[in-house]
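Hi,

Here is the structure I promised to pass on, with the sequence alongside. Have a look at it first, and then read on for what I found.

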Amino acid sequence: SADEELPPAEMECWRPTMDDVDRISWGKPARKKMTGSRGVPHRLNDEERMLYDMAHRKGFLEIGGSGWRKQRRGAPLLNTYRSSSDARAAPLVCLHKGKTGEDEVILDLSPLRTPQHFAEIARVCSAAHPGAKVEALELLAPSSGGGEEGGDAVLSLSEEAVKELLDAFLTQPIYRLPQWVISWEL
């Protein structure tokens, strides 16, 4: 049921500070190592800064399309908001506004840093709001039939890979971790 108690976020792990996330969003160096990466854009332009600030007030990020920026490879707004969600130990919620009127709500559970509970949380979310699509990027293989159309994936990791994944969620910055996304088309 929707009243089901969900597992809390992992707090005994590596996380950036909100101050450092803010600093790298302005192009300044972070105080804590591993907060940013030269290979992952985080510096926001004026338009992205406005959307980022609005997202903090609303509690979710609202962007047109994918958030990809042509001028500078990558999606700094999404990267920065994901780091911000990680610093707050909260899932990332994003509304992708489509050009054709079809919007998509994305819920990324990776900032919770509890991969051992992601499938359970996805099940609860899917039951509470039907039509969910679960995408565990880089973690899952396509299911071999039996699933609903759209092909939800099933966990297919060796015991050693699971241990490595759990360790990564405790010790690595969010940009090095795979996403676990639940999405709904509106």
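Helix α4, residues 115-128, lies across β3, β4 and β7. Its direction makes about 10 degrees with that of β7. Keep in mind throughout that this is a predicted model.

Now for the sheet under that helix. What is the order of its strands? It reads β1-β2-β3-β7-β4, an open sheet of five strands with mixed pairing. At the edges you'll find β1 (61-64) and β4, each of which pairs on one side only. On average, neighbouring strands here are turned by 25 degrees against each other, if you ignore direction. Another helix, α3, also packs on this sheet: α3 touches β1, β2 (92-97) and β3, and its direction is at about 155 degrees to that of β2.

Is it mostly buried or exposed? Five of its six residues are buried, so β7 is largely enclosed by the rest of the structure. As for its partners, β3 (residues 104-108) pairs with β7 in the antiparallel sense, over five bridges. Strand β4 (residues 133-136) runs antiparallel to β7 too, and four bridges join them.

How accessible is S83? Its relative accessible area is 2%, and the cut-off for buried is under 20%, so S83 counts as buried. Which residues does S83 touch, leaving aside its neighbours within four places in sequence? They are P16, V21, H42 and I174.

For a contrast, go to E5, in the segment before α1 (18-25). E5 has a relative accessibility of 70%; the cut-off for exposed is over 50%, so E5 counts as exposed. While you are there, look across to I121: E5 and I121 are 116 residues apart along the chain, and 9.6 Å separates their C-alpha atoms.

Over to you!

Definitions and conventions
Residues are numbered from 1 along each chain as its sequence is written. This is a predicted model: local features need pLDDT of at least 70, side-chain atom pairs count only at pLDDT 80 or more; totals for chains, interfaces and linings use all residues. Side-chain values use heavy atoms; hydrogens and water are left out. Buried means under 20% relative accessible area, exposed over 50%, partly exposed in between (1.4 Å probe, protein chains only). Contact means heavy atoms within 4.5 Å. Helices (H or I, at least four residues) and strands (E, at least two) are DSSP runs, numbered from the N terminus. Two strands pair if DSSP finds at least two bridges between them. Axes are lines fitted to C-alpha atoms, for helices over the stretch in contact, and angles run from 0 to 180 degrees between N-to-C directions.
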